[in-house]
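Me: I am new to this structure and would like to be walked through it carefully, one question at a time.

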Amino acid sequence: MKVTDNATFRLMQTNLDRVSNKLLDLRYQGATGLKFNKASDAPGSIRPVLTTRTQMSRTDRYLETMGVSLDKMQATDGHMASVENIMQRAKELALSAINSSLSSADRQTIADEIAELKNQLLDSANATIDGKYIFSGFKENTIPFVENPDYDPALYDENNVNTWPYLYQGDANPTMLEITPGEYVSVNITGNELFMGVTNELAASGYNPPYLGETVTATLNPATAPGPLDLTIGDAPLVSYVIPADTDANYAANVANVINSNPTGLTATVNAATTDLGPLNLAGYNGGDTYSLSVDVAGSPINVTLDGATYDYTLQGLANALGNTVGAIAVTTTGGTLANGVTYDISSGSLVLTGPTTGEEISLTETIFDPDSSTSGGISGGNQTVYGTVDIATNTRENVTIDGAGLTALGLTPTTLDGHSGRIDIFSILTRTEEAVRAGNFDDPTGPGGSIQSQVDNLETAANQNRRVRSRLGARAGRVETAISSQEGVKVDLEQILSRYQDADVIETFNNIVKQETAFQAALNVTAKISQISILDYF
């Protein structure tokens, strides 16, 4: 085999390139600290590296958002501490104003300071962080509290927010932070909750009423009506009114209207009539037998018939028949809504009917024809009327005792419902304390400001409200801090995993660089000597 000079030089160049590339790779590892520069360098490591980097990126996002949220929570706590100080000072001033030896001018001075405290409270309520209002819920760009231009001290009503001295313009939506996948924590406080004492649920429903105490649900029994309902609110005299008879298709609404139209410390909310009628029992029915069901609401009946042909004698057959009635909407194989507003559902293996949300009762009528046997089967209960229920709750801070023969119509027994003590509008209390002090009203609850003595107690209630909400915020902040610590630990673990796949051993890498440089230098020397050889050297 003939070996030419070109072949020799090409072989030497190939070996030099290979050694040079290896040296270049090692130098890159030494400079970057990474085992590979591109996917082809280590195909088996690419997937775990990319997966780990994705998890680390997600963890970094969690840490960043939690850090920002924790800063805001700590700033919020600072403003709540200011509210605490305002309440304490206002109570001190109110107690000093009770001193009968003070002159009218002295009381005016005290009232002026209370007015300034009210302005300080407004500043805290309208506080901002990075230009965003912290007590406005989702409405971060809307100032939460403004003076009520229609405020009239003579018309003030604790149960009507429109008569309060300051109005809330934010919403009832706290910001929820995802601290781990699927776990959320509320990281701010809404103004309605802290300063007005109104829960987010009641605020979202329109503040009507703004406060609710203990609630009972009345399961109506109109056959026993009418009858008196006797109420005792705290130490006030007995109040009585009559639970009406069932005169139309919405007895639940009638009962609620009677309760709501009497300012007796109770409020009522209507719930839709609902019933579980069980599975349809038509065993043994065959051709020629018929089963008919009428579902009537306020004189609007929906009628269906099972005859074994068009619709079979099963619960599914009944659902199919109901779904094909005129005006039915949102129909699926297991449920839908009838034209009269009744929804039906058989997904549980039972026929469940729910009436309109306005509380109208559902009247059910069965007609069964089975010439081969006695009439039997059908839905649970056969012909019947299903009534809506009524949630009855206190809307006063006093406990309310309910008694009387009218309780039978409500399906209730004599009981005492707790009031909503512990919730109060802080702005109203400071405003009315100022009014009482200016007027020198020491103990007349019907006089200006409701009396200084009453407002002293209310100021303590307001302070406790702030402490209670502040405590909840502190607990959430602690949870966020724990989550930050946990995510930081997760990040360390991920960094270790990533390091195992992509980080080069520095000492080993630099040793290999030295070895490869030596090998490269040797290859250059050999190449140089070979390139000096000529055929003339052999003549």
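Predicted model: local features only at pLDDT ≥ 70, side-chain atom pairs only at ≥ 80, totals over all residues.

Reply: Residues are numbered from 1 along each chain as its sequence is written, and side-chain values use heavy atoms, with hydrogens and water left out.

Me: How many helices and strands does the secondary structure of the chain come to?
Reply: Helices (H or I, at least four residues) and strands (E, at least two) are DSSP runs, numbered from the N terminus. Counted in this way, the chain comes to 11 helices and 21 strands.

Me: What percentage of the residues in the chain is buried?
Reply: Buried means under 20% relative accessible area, exposed means over 50%, and partly exposed lies in between, with a 1.4 Å probe and protein chains only. Of the 539 residues in the chain, the buried ones make up 42%.

Me: Why is one side of strand S7 and of strand S10 left without a neighbour in the sheet?
Reply: Two strands pair if DSSP finds at least two bridges between them, and the open sheet of three strands has the order S7-S19-S10 with antiparallel pairing. Strands S7 (215–219) and S10 (266–271) stand at its edges, so one side of each has no neighbour, since each has a single partner strand.

Me: Which helix packs on this sheet, touching S10 and S19?
Reply: S10 and strand S19 (residues 389–394) pair in the antiparallel sense over six bridges, and threonine 269 stands opposite aspartate 391 in S19. Contact means heavy atoms within 4.5 Å, and axes are lines fitted to C-alpha atoms, for helices over the stretch in contact, with angles from 0 to 180 degrees between N-to-C directions. The helix that touches S10 and S19, with a direction about 165° from that of S10, is H6 (residues 251–261).

Me: Which strands are the edge strands of the open sheet of four strands?
Reply: The order in this sheet is S11-S16-S15-S14, with antiparallel pairing. Strands that pair on one side only are its edge strands, namely S11 (274–276) and S14 (335–337).

Me: How many residues of helix H9 are buried?
Reply: Helix H9 (residues 426–439) reaches 20 Å from its first C-alpha to its last, close to the 20 Å expected at 1.5 Å a residue, where the expected span is 1.5 Å times one less than the number of residues. Ile426, Phe427 and Leu430 are among its buried residues. H9 is mostly covered, the buried count being 12 of its 14 residues.

Me: Which backbone nitrogen does the side chain of threonine 199 reach?
Reply: Threonine 199 has its place in the loop between helix H4 (191–194) and H5, and, leaving aside its neighbours within four places in sequence, threonine 199 is in contact with Asn192 and Arg423. At 3.3 Å, its side chain reaches the backbone nitrogen of leucine 202.

Technical notes:
Polar contact = N/O pair within 3.5 Å; in protein donor to acceptor, adjacent residues only side chain to side chain.
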